[in-house]
Amino acid sequence: MQLPISVYYGNLVQIYLLYPFRDTLLLTNNFYAVFTNDLMNLITFALMEQEGLVGKIRKLALQIGFADMGCAKAQRLSFEAERFMQAQQQGFFGQMEYLKRNFEKRTDPTLLVEGAKSVLVFLAPFGSGKIESKPTGNIAGSSTLKISEFAYGADYHTVIKERLNRVAYFIDSTVNSEHNTAAETVAATLNTTPNFKKYKSLTCRVFTDSAPIMERAWAVKAGLGFIGKNNFLISPTCGVKNFIGVIITTVEIEPTATESEAIATTTATVAKNKPLAAKNERNLTVPSCGNCTLCIEACSQKALFAPRSIDARKCLSYKTIEEPLGDSDDKSQQPVAATEKWIFGCDCCMNICPWNRFNKEGWSEFRSNYQLLSTKGATAGFWKTLTEEQFKTLFGTTPLMRAGIKKIIKNIERYEDNNTCRD
Ligand code: SF4
Ligand code: SF4
């Protein structure tokens, strides 16, 4: 028996399907759930079939929550490699020793993953939606302690990798069709329980913020946006507050931007996006900064010393997270006068950017500790009375572990000892 069904997919597409009833399913309690799940998987697959592999991957990525996705051909970066080397030679990396290693692999994904053909780039939103944040940060009141928004919830490495693994599994089982039927592949990757079989690591490797890759550069190459004067990858459609995740694969996948389409970070392209007349005027229909310099002015540490150039040693993000604890006693390393007491990361150059109005709603996992951090966490007493054990219990699976409680307390004391905060 067959039944004609009409289904609305999103707002736009109406699909008519003939779905074969199976007698065994008919009129059982689970019928509706089984039927609906199967049906949606079939529809998803039918839509994906109409597109190339990159279209299928993009559709899946958006369905599981990524704000955008693009693909670039895996090849050596030359302009960016030069920029990276200059930054290293000028000592801007401070004591981030990991940045000084693996230069060749960092600038050439085919050395990082043997046989790499494609670099897939994904944007994972972490902001609080489209509301443009004020430069004073997200925790109300200028005398409160501030934690960077990227650390309001679960560790983004774990959260993003889990979703990237779904996409990697999808790619692997699509090109190695002996693993699964196509419909099973879609079902497994959309499923929210991580129970799918592991993909072959020879085909795909997933990364976010932990491997020698220039993630912002690859996002530009994949056509996802441009590099702002604050150094961020800014997406004209998804704004500023996005983590970047990467899949490097040996599968050849169609690039989503040509060299010239990619809004490159070269001076040539910056010149092409004509500067606007008035200072801080920006045209949000043109994906560039124009004459705006708000982020440079917002950086209390003068770490952004020129457009797209950062001396990380001066950056509060480096000082409060990356800088080894022992060095915090060195007065030359202390933060200079700041209007805000950032004790883990810093969001000033991010929050002030007008492109924030395009932010997508962040994943809920990234905001699970928002209440705690914006109330008790904004007071020195809370942190100073936490034991190591209590800290681990509360924040053991969050980005705050990178600094640890000792460093966070030291960060608070820096403001107190040196009275460096102007308010
Ligand atoms: S994160 Fe803060 S300190 Fe670092 S460059 Fe941006 S505004 Fe400056
Ligand atoms: S604040 Fe202005 S200059 Fe800075 S990145 Fe945003 S648009 Fe560009």
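Which residue just after α2 takes a positive phi? In this predicted model, that residue is Gly65, whose phi is about 115°. The chain has 423 residues, of which 39% count as buried, and its secondary structure comprises 17 helices and twelve strands. Among contacts between residues at least 6 apart in sequence, 77% join residues at least 24 apart.

**Confidence of the prediction**

- The mean pLDDT of the chain is 80, and 69% of the residues reach 70 or more.
- Over residues 1–35 the pLDDT is below 50, and in the model this stretch has 27 contacts beyond near neighbours in sequence.
- Where pLDDT is low, the predicted coordinates should not be read in detail.

**The nonpolar core**

- The largest nonpolar core has 90 residues, and those with the most contacts inside it are Leu120, Val121 and Val246.
- Helix α7, which spans residues 156–175, gives the most to this core, with nine residues.
- Once its neighbours within four places in sequence are left aside, Val246 is in contact with Val119, Leu120 and Val121, and also with Phe207, Thr208, Ile213, Glu215 and Trp218.

- Strand β3, residues 68–73, is mostly covered, since five of its six residues are buried.
- Six bridges join β3 to strand β4, residues 118–125, and the two strands run antiparallel.
- One of the residues in this pairing is Ala72, whose bridge partner in β4 is Val119; Val119 is also among the residues in contact with Val246.
- In helix α2, residues 53–63, the buried residues are Lys56, Ile57, Arg58, Leu60 and Ala61.
- An α-helix has 3.6 residues a turn, so residues three or four places apart point the same way.

- Not counting residues up to four places away in sequence, Val159 touches Ala154, Trp363, Glu365 and Phe366.
- The C-alpha atoms of Val159 and Ala124 are separated by 9.7 Å, although the two residues are 35 residues apart along the chain.
- Glu149 lies in the loop between β5 (145–147) and α7, and Glu149 is buried, because 24 other C-beta atoms are found within 10 Å.
- Between Glu149 and Gly345 the distance is 8.4 Å, C-alpha to C-alpha, while in sequence these residues are 196 residues apart.

- Asn102, a residue other than glycine, has a positive phi near 60°, and its place is in the loop between α4 (97–100) and α5 (103–107).
- With 14 other C-beta atoms within 10 Å, Asn102 is partly exposed, because that count falls between the limits of 12 or fewer for exposed and 20 or more for buried.
- Asn231 likewise is not a glycine and has a positive phi, of about 80°; Asn231 is placed in the loop between β7 (226–227) and β8 (233–234).
- Asn231 counts as buried because there are 20 C-beta neighbours inside 10 Å.

**Surroundings of the two ligands**

- Ligand 1 is surrounded by a set of residues that includes the cysteines Cys299, Cys315, Cys346, Cys348 and Cys349, together with Ala298, Gln301, Ala303, Leu304, Ile310, Leu316 and Ser317.
- The shell around ligand 1 divides into ten nonpolar residues, two polar residues and no charged ones.
- Helices α12 (316–322) and α13 (348–351) each supply at least two residues of the shell around ligand 1.
- Ligand 2 is surrounded by 13 residues, the closest of which are Gly228, Cys289, Cys292, Cys295 and Cys353.
- In the shell around ligand 2, eight residues are nonpolar, three are polar and two are charged, whereas the shell around ligand 1 has no charged residue.

Methods:
Residues numbered from 1 in each chain as written. Chains lettered and ligands numbered in written order. Predicted model: local features only at pLDDT ≥ 70, side-chain atom pairs only at ≥ 80, totals over all residues. Near = placed C-beta within 6 Å. Nonpolar A, V, L, I, M, F, W, Y, C, P; charged D, E, K, R; others polar. Helix = DSSP H or I, 4+ residues; strand = E, 2+ residues; numbered from the N terminus. Core = buried A, V, L, I, M, F, W, Y, C linked by C-beta atoms within 7 Å. Contact = placed C-beta atoms within 7 Å. pLDDT = per-residue confidence, 0-100. Pairing = 2+ DSSP bridges.
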